[in-house]
Amino acid sequence: MARRRVLTERQRLQLFDLRTDPSSLVRYYTLGDDDLAHIRTRRREENRIGFALQLCALRFPGRSLAPGEVIPNELLDFIGAQLGTSSDALANYAVRRQTRQQHMDAIKRIYNYEVFDLKKAEQLKPWLEQRAELARTNEALVREFVIECRAKSIILPAIGTIERFCADALTAADNNIDARIAERIDKELAAKLESMIEEQVSERLTRFAWLRQKEPGSNSADATRLLDRYDYLEGLKIDRSILEGVPVHRVIRLKRQGERYFAKDIRLLASTRRLATLAVCAIEWKSELADALADTHQRVVGASWRQAKKLAEGNVTSTRPTIESALASFAALGTEMLMANEDNRSIKDVVERVLGWEKLGSLVATATHLTDPLASDPYAFASKGVFKFRRYAPRMARTLKFESAPETRKLLNAVLAMGLGEFDPDEHPFLAKRSRWLQISRNKPETRQIIFEVALWFSLRDAMKAGDIWLAGSRRYADIKEVLVATEHISTATALKIPLNPNSWVEQSSDQLIDVFHQFDEAIRTGALPKSTIRTGGLNVAKLKAPVPEAIEQTVALVQKVVPRTRITDILQDVDDEIGFTDEFVHLRTGAPCVDKIGLLTVLLSEGLNLGLSKMADAIEGYDRFQLMRLSRWHVDPEALDRALERIVLAQSRLPIAQTWGSGRSASADGQFFASARHGEAGSNLNAKYGRRPGVKAYTHVSDHYSPFATQTIPTTVSEAPYILDGLLLNETGRRVKEQYADTGGFTDHVFGAMALLGYRFVPRIRDLPSKKIYLPAAVKVPASLKPLVGGRLKEGRIRSNWPDLLRLAATMSNGTIKPSQLLKKLASFPRQNELALALREVGRLERSKFMIEWVLDEGLQFRAQAGLNKGESHHALKNALRIGRQGEIRDRTQDARHFRIAGLNLLAAIVIYWNTARMSEGVEKYAAQGIDIPADHLSHLSPLGWAHIQLTGEYKWDRLTQK
C-alpha cells in the first residue's frame, strides 16, 4: 500500500481517542437496559466494567481497546456509576488474556460487530474512492471512513492501516480524475498543451510561465498584453466540457498546483497528470484573462474620465486671466457708456475712444468662447483619450464572447461593428436621446465620429458593470440570471431564513414597522423620545457616552501583570501547541500535513510582519529564502489561511474571559488603509480621503470577542457597502452572527435588503441620519408633524411579485455560488429599471425604515453598535504595530499577493489575540484561586489587543519544536 502521510498526531488523537467531556460521555457512553442485562451476566466486578469499556470503545470511536491502554478517569467514573461499581475494579481486569478475547467475541456476536478484513476492504474500496474525489481534506476523508465503519458496525483497524487505506483511495482518486480529463483530450490538443511547457517566449520565459502573468492592468499596453495571452488560449480550442463531472474544488486545486509548478517540474509529471494540469490551467486562465481584460478596460475608461475632468478644470483655470481682462475691458467700456448717456454724448465716439470697433469685436468673440458651456464640460474633453481605446478595444470586441440583454442589444451590435471596423453612428445608434454624449456631438460636428467612438467604450464599461452585457464563461462578468440558483432548487440549495411564501414575510415585516412607528409617534407626543429631536424635517440623535465602571484602571493593571513579556516566535509556538492551527496548511498536491512546522511558522510570521521571505531568511538561522519559498508555494494558500483563521477564532471564543466580551452573535466591519509603493497595480489606487499615496484597503469583520474572523482586500476607490456579506458568509463564525455593525460606508438600501433576506440584523452608523427618509406601508396614517420624515410609501406588491427571484438571490449568496459583493454591485449599477434591483431596494427600504426608528427609540442598540464598532476600529492599532516590515507599506504587485499579505497579517493578529486572551483567562483564574475576584462588568472592559509586552523585532529564534 501507499506510504502517503494523511493525518497529524493531533488529528489522530481527535479521531480515535476516548472522549471525556460531559456532553460526549452522555452521548456516546450511556448504557441501555439491554446493555446492562448483558453486562450483568459477567460474574466478577472487574469483568463487568471491562466488558462495558470494550463495548463503549467499539461504539465510539469505533475501535477495540489496546492492551495496556490507559483509560481516562472521567470515563471510568461515568461507566462505574452506571454499573454501581468502583472504577478501581478495572485494575484486576483481563489478568487472563483469554478473558479479554472472550468478551470481545461475545460483544461481536451479541451486537453484530464485524472485523475489518480484506473482504471488507474490497467492499468499501469503490465507495471510499468516490468519497475521496469529493473530500476537500485528508482528515475529512478519514473522518467519513470512520463514520461509515461505525454505521456498518465494522471494528476500526489500526490507525496506520486506516491511513494507508485512505491514502490509497486518495491516490486512486487523483489518478482517476487525471485520467478522466486526459482521455477527453485528443492528440492534436495534447500536442498544443505540451507545447506550452516547451516553447520559449524569451530566453528565460516559457509559454507556460508567460500565460501565468494574467493580472489586470491600467493602460492600453496592459490590455494588449492580456489579449495576446487570451488569443493564444483561444487558439487551443479547448472546451470546458472536458471538466464535466470533476468536482469544482478539484479543478481549483489542479489550477493552483499548475501555478506553483515551474515548466521543468511539470515535464517530470506522469503524462495524465501533466495533461490534466495543463488543460485545467488553460481553461481557468482563459476565464481569468477575460475578467482581467474587463477590469483593465474599466480602469482605462476611469483614467480617461479623470484626465477629461482634469483638462476641463485646467481649461477653466488657464482662462482666468483672459476672463479677468475681458471683464475689466467691458467694465471700463460700460462705465464710459453710462457717463456718455448722462451727458448725451455719442456712444459710437465712446467705443472708438475706449476700445475701437476692431478690439470690441475681438473682445466679443473672446467672451463668446469663454461662455461656451463645453469649456468646462469633461464630456467635451473625453474624446482626447480615443487613441488609448483604438490600441486595444476593437480587438477586444472581436476576441471576447460578449452577450447582452434585449435592452442593450443595440449597444452590443455597435461594439461588434466597431470590432469589425464597420461602425457608423447613424447605422448603429446606441445612445439614449438625452445622452450628454449626443449633445456634445451636435455641438462639435467636426469630431462627431470620435465622440461616438469614445462614448461606445464608456457605455460598454457601464453596461458590463451593471450586468446588461456579460462575458460567456466569465467568473465576475457572467450573466446574473445564469449564476442565480434555479427556482426549483431553492428549498434544497441552502437553509434560508425567510419563508418560500412572500405573504407571511411581507405581512410580518410590515406589522413590525407599523408597530415601531406607532411607538415612535407615541414617544414624540409624550415627550419620551430618549436624547433625540426632530429638526428641519429630520431625525437628530444625540451622541451617547458609554458608562465606565469605577476603578477600571486598577483592574486593567492587575490583569496586565499576569500577561508576561514574550517573543512573537514563542507566541506562535504556544498557540500552535494549544490548538494546532498549522494542521490546516497541508501540501497542495498530496494533502499531507506539513512536517517542517518551524519552517511553516517562519513563513507565516514573515507574511504577518510584512517582512517578506528574503528579509526573514536573513533574520533567522537554519533557513534560506528558497527553503521558505518552497514551503510557502506548496503549503500556504488562501483556503488554508481561512481554515487556520477559523480554527483560531473558534478556539479563542471558547476561552472563559472571551465570554464576558460577548456571545459571539454580533460583529462589526471596518476598512483599514494600507499604503503601497508607487509601482505595480497599486499605483492606480488613489483615494483623496487618504491623501496622494496609493494603497489598498483591508476590509475586516471582527466578532464581539475581538477576533478578526474574515478579511478581504478591496480597492481604496470603491464603497465598502457591497463587501459586508462576503465576510459573514465566509465561515461558521460569520454565519452565527445575528447583529452586524458597520460604519457609514456600509449603508445602502440593497445591503439592508440582502441582510434581511439572509437573516442578519444590520446596524449601520448613519452619520447623515437627518437627511434620510423613512418609508411606510400605504395603510399607515401619518400625523402632519411627521410627514417631513416620510419619503414615500412602500411598494409591497413589487416585493411579492419578485419574491421567487429574491429567494434565488438569497440562496445564491448563501451557498457561495458567487460572492454577494459581485451581485450587489451589479444590482446597484443597473441603469435600467431592473425589477430584481427595485424589489431588493423595497425590502431594504422597509428594513432601513424599521431600523431608523428603532435606533432613535433604543439607547441600548446605540450603545451596542458603538461598542462593536470601537472593537473593530481598535484592531487598526494592533495591525499597524505588527506590520513592521517595508515601512508598513504593502509593496506586492499583484492582487493575489496583496491579499496574501493582508490575510497573513490578519492571521498573526488573531494569533496574538488568542494568546493574550488565554493568558488573561489564566490570570483571572489564578486571582480567583487566591480569593481575588474581579467583577464581571470590569472583565467586559478588558481588551486582548495589547502588544507592548511582545518582542516583535530583532533576531527570530525558535526554542522548541512540538509536533502535535
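Me: At what angle do helix 30 and helix 32 pack, and how far apart are their axes?
Reply: In this predicted model, helix 30 (residues 597-608) and helix 32 (residues 625-635) pack at an angle of about 85°. Their axes are 9 Å apart. Angles of 65 to 115 degrees count as roughly perpendicular, and helix 30 and helix 32 are therefore roughly perpendicular to each other.

Me: Which residues make the contact between helix 30 and helix 32?
Reply: Helix 30 contributes G599, L600, T602 and V603. From helix 32 come L628, L631, S632 and H635. By type, the residues of this contact divide into 4 nonpolar, 4 polar and no charged.

Me: How do I read a sheet, and what is the strand order in the open sheet of 5 strands?
Reply: Strands of a sheet pair through backbone hydrogen bonds, either parallel or antiparallel. Here the order is 12-11-10-13-14, and the pairing is mixed. Strand 12 (708-715) and strand 14 (761-764) are the edge strands, each pairing on one side only. From one strand to the next, the twist averages 25°.

Me: In what sense do strand 11 and strand 12 pair, and over how many bridges?
Reply: Strand 11 (residues 695-703) pairs with strand 12 in the antiparallel sense, over 7 bridges.

Me: What should I look for in the backbone angles?
Reply: Most residues other than glycine have a negative phi, and most peptide bonds are trans. Y706, in the loop between strand 11 and strand 12, has a positive phi, near 80°. N112 also has a positive phi, near 60°, and is placed in the loop between helix 6 (97-111) and strand 1 (114-115). As for the peptide bonds, a cis bond joins F60 and P61, with omega about 10°. P61 is in the loop between helix 4 (45-59) and helix 5 (73-83).

Me: Is Y706 buried or exposed, and is N112 buried or exposed?
Reply: Buried means under 20% relative accessible area, and exposed over 50%. Y706 has a relative accessible area of 8%, so Y706 is buried. N112 has 58% relative accessibility and therefore counts as exposed.

Me: Where is H949, and what is H949 in contact with?
Reply: H949 is in the loop between helix 43 (936-939) and strand 17 (950-951). With a relative accessible area of 13%, H949 is buried. Leaving aside neighbours within four places in sequence, H949 is in contact with V563, P564, R565, T566, W915 and N916. The side chains of H949 and N916 are joined by a polar contact of 2.9 Å.

Terms used
Residues are numbered from 1 along each chain as its sequence is written. This is a predicted model: local features need pLDDT of at least 70, side-chain atom pairs count only at pLDDT 80 or more; totals for chains, interfaces and linings use all residues. Side-chain values use heavy atoms; hydrogens and water are left out. Axes are lines fitted to C-alpha atoms, for helices over the stretch in contact, and angles run from 0 to 180 degrees between N-to-C directions. Helices (H or I, at least four residues) and strands (E, at least two) are DSSP runs, numbered from the N terminus. Angles under 35 degrees count as roughly parallel, over 145 as roughly antiparallel, 65 to 115 as roughly perpendicular and the rest as oblique. Contact means heavy atoms within 4.5 Å. Ala, Val, Leu, Ile, Met, Phe, Trp, Tyr, Cys and Pro count as nonpolar, Asp, Glu, Lys and Arg as charged, and the others, Gly among them, as polar. Buried means under 20% relative accessible area, exposed over 50%, partly exposed in between (1.4 Å probe, protein chains only). A polar contact is a pair of N or O atoms within 3.5 Å; within protein, one must be able to donate a hydrogen and the other to accept it, and residues adjacent in sequence count only if both atoms are side-chain atoms. Two strands pair if DSSP finds at least two bridges between them.
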